[in-house]
Amino acid sequence: MKRGALFIVFLSFSMLFAKDTSLTGSFMLKERINTKDSLSLSWNEGKLLLDLESTPSEHLRFFGELRVSDFGTPLSLTLLDLQKRNGLFWDIREAYFDVYDFPAENVDLKIGKQIISWGTADKINPTSNLSPYNFEDILDFGKKDGIVALKLSYFSDNFSIEGDLVPRFRWDILPRGDIQNMFLNQPMFTSQGVNIVKSDVFLNVPDNNIKDGAELGVKFNTTIKGVDLSLSYFNGVLGLPFAKNISLVPIDTMGDMHLSSMLSYARSQVIGADFSTSIYGIGFWGEGGLYLPDEFITELTYPTYSGMVRENDTVLNDPFFKFVVGGDYNFKHDFYLNMQYVHGFLHEYGDSVKNYLVGRLEKKLFNDKLKITPISGLFALHKNIEDTFFYAYMPEVEYSPYDCVRFTLGAFLYDYKNFTFFPGLDKMREVYLNMKIDF
Amino acid sequence: MGILGKVMCILIATKAMDGNVIIKKVDSTFNAPKTKKATFCMELKDASGNIEKRKGITYEANGNRRLLKFTEPASIRKIAFLSLPNDVMYIYLPSFRKVRRIATSVKNTNFAGTDFTYDELSTMEYSKKYRAKLLSQNDSVWVLKLLPKSNSAYHHLIMHVDKKHYIPLKIEFYDKSGTLWKVLEEKNIKKIKEYYVPTLLIMKDLKKKHQTKMDIKNLELDINIPEKVFTRRYLRR
């Protein structure tokens, strides 16, 4: 009901500013088959994006994006689900006003729910912590959602500076399905004889006050000798939860256990820097964030032969660094190569930070109507590659028979040994077909 | 006229016909208006006769800054391209809400499915990029051979320059093996203020059997375009 009202407000803007208003959008159908699990349909989504834009004056612009997703059958059915018509999901991804040259010349004010995207790296941005990531579709990682914020930017000839104030933190959206375990940062109880028959996960979000829930960002940008540079500062809440309390309680004498965990969010400061340039035709970029987290301790309670034991594990305390360096090049005959070295993936913090090589090779054909990506993937770098490795391979073919119509056929394949990047991905080996229509 | 006078006339005539002088004049004629603003309609036609359309708006200043924004179709709406001096280029990708610096190797690749490369849609400075040699001429046209000064996708260009207005009416682009690859024709020359400008550009890719027709409309010259238009700030708008 509340969202329905928001939708009416959303559309009302089009009537309010009808003269300089445009309503555009896209419809996307995403179908996925898990080839390892009896060819089950692992993703079945129809997604509608409606973009409303209005520029009632030279100094004022409104933009809003409404997202409606229908996931068809819910992941697990109950009798109550049979009373529902579908798994419809509504969300206003963005709704903000740009006020240009306000409150002074060369100062822009942006206010409302907006995506604040920092950093020069491709999709993996260690300095970009204000807007939440949307990991709903893990194969489409790097996407962000809007957050209610006030952004003030000042532009001069040689530099620009922006300040962002987020009154209330917003958490990252976790992936659908069982792979969400990869983000929960809780240790896996895999010891012999432990059989978890019941599991409860509780969530504790930061209090609704400025001290615990507000976030602040400042970013300075300039260009020196053809190199774009920026320095940034973030003070806020990390978007993924950590386990605050974990207790393992025996419920019988057969070794059956009840696992109970309380997840919570950690605050951190991040001092960031990035650059981008082009040398001899090659694009280069780099982006790094020095994380200065507040102390975060996980309290573990578990049984031993001598009784229940309680111990503390410091998950975050020491500063840690995440960075990405990369480059791209356009070869003859419309080949394009993009490579990145990643120290710390999006969901990794503290001691869990690891190293990866991420890249893709694309080939465009028929005036961009067909794009083939034969090589695309992620490779975990580890000293002992024979005993410990992980790679994900994601080839893709994209075909656009007409303007505004696009089909994408791809696969997600992976293999690993003694590596815990995707602990929940054991059953995931997928082929997907997407169709997108822009209007 | 004495012998010395005749020699001077021959020298002046030779100088006047020098290819490098002509392309410098072509550049200065093209870049004579301090600013340009126009809308454009592109028509992309493939070998089967299928047609796709692109619409957008461009701003230019001082012959070395250009901003190009697509307004149609919906799939590329709001994608914007900014070209600045020293081969600095940015693109705005609306789906990521992000402005990205582009590797300069993109210069020789086609822009948004058209037959124009990023370089050809950037700025027009032939004399900086090519050495020109006069091949032939008639009453109305000079024919020049342009050889690239540095690394280029082309082996050479043959340019047909209108003697009256210093406008390249036709440019043939030859690939590294010397085979004719692309042909650009500039048509519908109109007088706007004191300037003569072509308002219809047709680029044909003979290998792909594909062509792009760019119809320039609402062309305004020497108007006030604030410097802030050619910035990353404006690229997002």
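Predicted model: local features only at pLDDT ≥ 70, side-chain atom pairs only at ≥ 80, totals over all residues.
1. Chain A overall. Chain A has 439 residues, and 47% of them count as buried. Its secondary structure consists of 2 helices and 24 strands. The chain exposes about 22,200 Å², of which carbon and sulfur atoms supply 60%. Among contacts in chain A with a separation of 6 or more, 58% are between residues 24 or more positions apart.

2. An open sheet in chain A. In chain A, 5 strands form an open sheet with mixed pairing, in the order S8-S12-S11-S15-S16. Strand S8 (195-204) and strand S16 (307-316) of chain A are at the edges; each has a single partner strand, so one side of each has no neighbour in the sheet. From one strand to the next, the twist averages 15 degrees. Strands of a sheet pair through backbone hydrogen bonds, in either a parallel or an antiparallel sense.

3. S8(A) and strand S12 (residues 256-264) of chain A run parallel and are joined by 9 bridges. Within this pair of strands, Val201(A) is opposite Ser261(A) of S12(A).

4. A nonpolar patch. Chain A carries a nonpolar surface patch of about 850 Å², whose members include Ile111(A), Leu150(A), Tyr154(A), Phe159(A), Leu216(A), Phe220(A) and Leu231(A). At least two residues of the patch come from each of strand S6 (147-155), strand S7 (159-166) and strand S9 (215-224) of chain A. Phe220(A) belongs to S9 of chain A. Patch members must have over 30% relative accessible area.

5. Gly226(A). This glycine sits in the loop between S9 and strand S10 (227-237) of chain A. With 28% relative accessibility, Gly226(A) counts as partly exposed. Leaving aside residues up to four places away in sequence, Gly226(A) touches Ser276(A), Thr277(A) and Arg101(B).

6. The S5-S6 hairpin of chain B. Strand S5 (residues 88-93) and S6(B) of chain B are antiparallel and pair over 4 bridges. Leu93(B) faces Lys98(B) of S6(B) across the pairing, standing opposite that residue. The hairpin has 4 residues between the strands, and Arg97(B) there takes a positive phi near 55 degrees.

7. Both faces of S6(B). Is strand S6 (residues 98-101) of chain B covered on one face or on both? Both are covered: Lys98(B) and Arg100(B) on one side are buried, as are Val99(B) and Arg101(B) on the other. Arg101(B) is also one of the residues touched by Gly226(A).

8. A salt bridge between chains. The whole structure has 43 salt bridges over all chains. One of the pairs joins the side chains of Glu53(A) and Lys78(B), at 2.8 Å from N to O. This pair crosses between chains: Glu53(A) is in strand S2 (residues 40-57) of chain A, and Lys78(B) is in the loop between strand S3 (65-72) and strand S4 (80-84) of chain B. Glu53(A) is buried at 9% relative accessibility, and Lys78(B) is buried at 17%.

9. Salt bridges within a chain. In chain B, Glu120(B) and Lys182(B) form a side-chain salt bridge of 3.5 Å, N to O. Glu120(B) is in helix H3 (residues 118-121) and Lys182(B) in strand S11 (residues 180-192) of chain B, so the pair ties together parts 62 residues apart in sequence. Glu120(B) is partly exposed at 24% relative accessibility, whereas Lys182(B) is buried at 1%. In chain A, the side chains of Glu398(A) and Arg406(A) meet in a salt bridge of 3.8 Å, N to O. Here Glu398(A) is buried, with a relative accessible area of 17%, and Arg406(A) is partly exposed, with 30%.

10. A salt-bridge network. Which residues are linked in a network of salt bridges? They are Glu65(A), Arg67(A), Asp91(A), Arg93(A), Glu94(A), Lys113(A), Asp145(A) and Arg97(B). Arg97(B) is the residue with positive phi in the hairpin of S5(B) and S6(B).

How values were computed: Residues numbered from 1 in each chain as written. Chains lettered and ligands numbered in written order. Heavy atoms only, no water. Patch = residues over 30% accessible without salt bridge, like charges linked within 9 Å, V, L, I, M, F, W, Y side chains within 5 Å. Areas by Shrake-Rupley, 256 points an atom, 1.4 Å probe, with all protein chains shown as cover. Salt bridge = Lys/Arg side-chain N within 4 Å of Asp/Glu carboxyl O. Buried < 20%, exposed > 50% of the residue type's maximum accessible area, 1.4 Å probe, protein only. Contact = heavy atoms within 4.5 Å. Pairing = 2+ DSSP bridges. Axes fitted to C-alpha atoms, helices over the stretch in contact; angles between N-to-C directions.
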